[in-house]
Amino acid sequence: MVAEKSSDSNLPTTALPLLWDEDNEGLSQECKDLIATLPTERHLAMHKLYQYQGFWFPKIVLQALLNCQHHFQAHDSDILLITSPKCGTTWLKALTFAILNRKTHHPNPTRMPSSTTHPLLTANPHALVRTLETTLYTGQTKPDLSLFSSSPRVFATHLPYVLLPESIKLSRCKIVYLCRNPKDQFISAWHFQNMIRPEIQESNKIEELFEQYCRGVGPYGPFWDHMLEYYKKSLENPNKIMFLRYEDMKGEPHRVLKDLAGFIGYGFSKEEEDDDIVGDILRLCSFENLSNLKVNKSEKMPHGIENKAYFRRGEVGDWKNFLKFDMAEQLDAIIQEKLEKHGLKF
Ligand code: PAP
């Protein structure tokens, strides 16, 4: 089972502004030396991004990814939830947590003893499933992983395949990769940046951000290389990497949830299915339920981001409300060329 701890006391209280700070405070010499050699570009919301092995990162993430590469040791029983940002990470974390912990925490609150509360009702999914490079390995090389001493351990990351710690690739751990239509991903990211940095709303012009996104410049971008790499790896090794689409999760949630549970080794029994535990998990983790909880409406994460920033609309196709016709056409052409030609369709 996943170790469920609500205490964040071992986490660095990373100041959110580090994402867009100019100075190199807290960076190792290795990271400073690396940064000095990398192509860099101003980003509207992140101050500067650096291109490392084909992907763009703020420098604090570069430091964390080096920490992770040097120190994270995957176990065969680990589960890694991997996404390109804004593709449904929060939802996938919640679903996976609910699947793994259903014996101790029934997903239907009316079936729980009145003295207990399901952790997802009082903690944001990001506090229950930690992200390697944005929480665990930010500002520290040896996070206290004893929190995750029970098996399986579940972690999340946005790292591209090429930059994953070797032990993740070499071990028998399971990887669940979730992607999303890039048009919705872009719109979600634009809103997110404006939400966490209200002071940039005026200057964070959608057209300018879009221009960078279409060139692949954005945190963890280019989105096409991120998605395609995992897509190809999942075809080569379907027992190790499960490839999911946000749109399929919205369209066929029961099927996807059952597949997900089976893939990570926690498939539902006939009795559980007859009992509609799949429906209970989907209702518990639904956008409507999670976004209306007090914890997700009014509390913050240790790094300063408000939980509500992770719940906006949770729909497929919201891009239609924001992208002009020619922008959508331009992105469609990129999706066709970079992804659909290789079989990855949206
Ligand atoms: P992250 O990668 O920074 O952790 P992530 O959770 O992937 O963020 O992105 C948030 C998106 O998931 C938001 O999409 P939107 O901007 O298009 O609305 C958010 O609304 C959506 N989301 C969060 N929780 C759920 C959920 N339970 N069901 C469906 N979508 C969700």
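This is a predicted model: local features need pLDDT of at least 70, side-chain atom pairs count only at pLDDT 80 or more; totals for chains, interfaces and linings use all residues.

Q: Let's start with the ligand, then. Which residues come nearest to the ligand?

A: The ligand has 20 residues around it, and of these Thr89, Thr90, Ser188, Arg313 and Gly314 come nearest.

Q: And which element gives the largest share of the shell around the ligand?

A: That is α3, from which three residues of the shell come.

Q: What is the distance from the polar side-chain atom of lysine 86 to an oxygen atom of the ligand?

A: For lysine 86, a polar side-chain atom lies 2.8 Å from a ligand oxygen.

Q: How much of the ligand's accessible area does the protein cover?

A: On its own the ligand has 640 Å² of accessible area, and the protein covers 96% of that.

Q: Back to the helix you mentioned. Where is lysine 93?

A: Lysine 93 is placed in helix α3, which spans residues 89-100.

Q: Is lysine 93 buried or exposed, and which side chain of opposite charge is nearest?

A: Lysine 93 is buried and yet has no salt bridge, since the definition asks for a side-chain nitrogen within 4 Å of a carboxyl oxygen. The nearest side chain of opposite charge belongs to glutamate 133, and that one is 8.9 Å away.

Q: What is lysine 93 in contact with, then?

A: Leaving aside neighbours within four places in sequence, lysine 93 is in contact with Leu81, Pro125, His126, Val129, Arg130, Thr131 and Ala156.

Q: Moving on, how many salt bridges does the structure hold?

A: There are 23 salt bridges in the structure. One of them pairs arginine 283 with aspartate 280, with the closest N and O atoms 3.1 Å apart. Both residues lie in helix α14 (residues 277-284), where they are three residues apart, or about one turn of the helix.

Q: Are those two partners buried or exposed?

A: Aspartate 280 counts as buried, at 6% relative accessibility, whereas arginine 283 is partly exposed, with a relative accessible area of 47%.

Q: What about arginine 245, which residue does it form a salt bridge with?

A: The partner of arginine 245 is aspartate 248, and their closest N and O atoms are 3.7 Å apart. Arginine 245 counts as buried because its relative accessibility of 18% falls under the 20% cut-off, while aspartate 248, at 27%, is partly exposed.

Q: And glutamate 306 with lysine 308, what is the N to O distance there?

A: The side chains of glutamate 306 and lysine 308 meet in a salt bridge at 3.8 Å, N to O. Glutamate 306 is partly exposed, with a relative accessible area of 33%, and lysine 308 is also counted as partly exposed, at 41%.

Q: Last topic: where does threonine 134 lie, and what does it touch?

A: Threonine 134 lies in helix α6, residues 132-136, and is partly exposed, with a relative accessible area of 30%. Not counting residues up to four places away in sequence, threonine 134 touches Tyr220 and His303. The C-alpha atoms of threonine 134 and alanine 64 are separated by 7.2 Å, although these residues are 70 apart along the chain.

Key
Residues are numbered from 1 along each chain as its sequence is written. Side-chain values use heavy atoms; hydrogens and water are left out. Helices (H or I, at least four residues) and strands (E, at least two) are DSSP runs, numbered from the N terminus. Buried means under 20% relative accessible area, exposed over 50%, partly exposed in between (1.4 Å probe, protein chains only). Lys and Arg count as positive and Asp and Glu as negative; His and the chain ends are not counted. Contact means heavy atoms within 4.5 Å. A residue is near a molecule or strand if one of its heavy atoms lies within 4 Å of it. A polar contact is a pair of N or O atoms within 3.5 Å; within protein, one must be able to donate a hydrogen and the other to accept it, and residues adjacent in sequence count only if both atoms are side-chain atoms. Accessible areas come from the Shrake-Rupley method with a 1.4 Å probe; for residues, only the protein chains shown count as cover.
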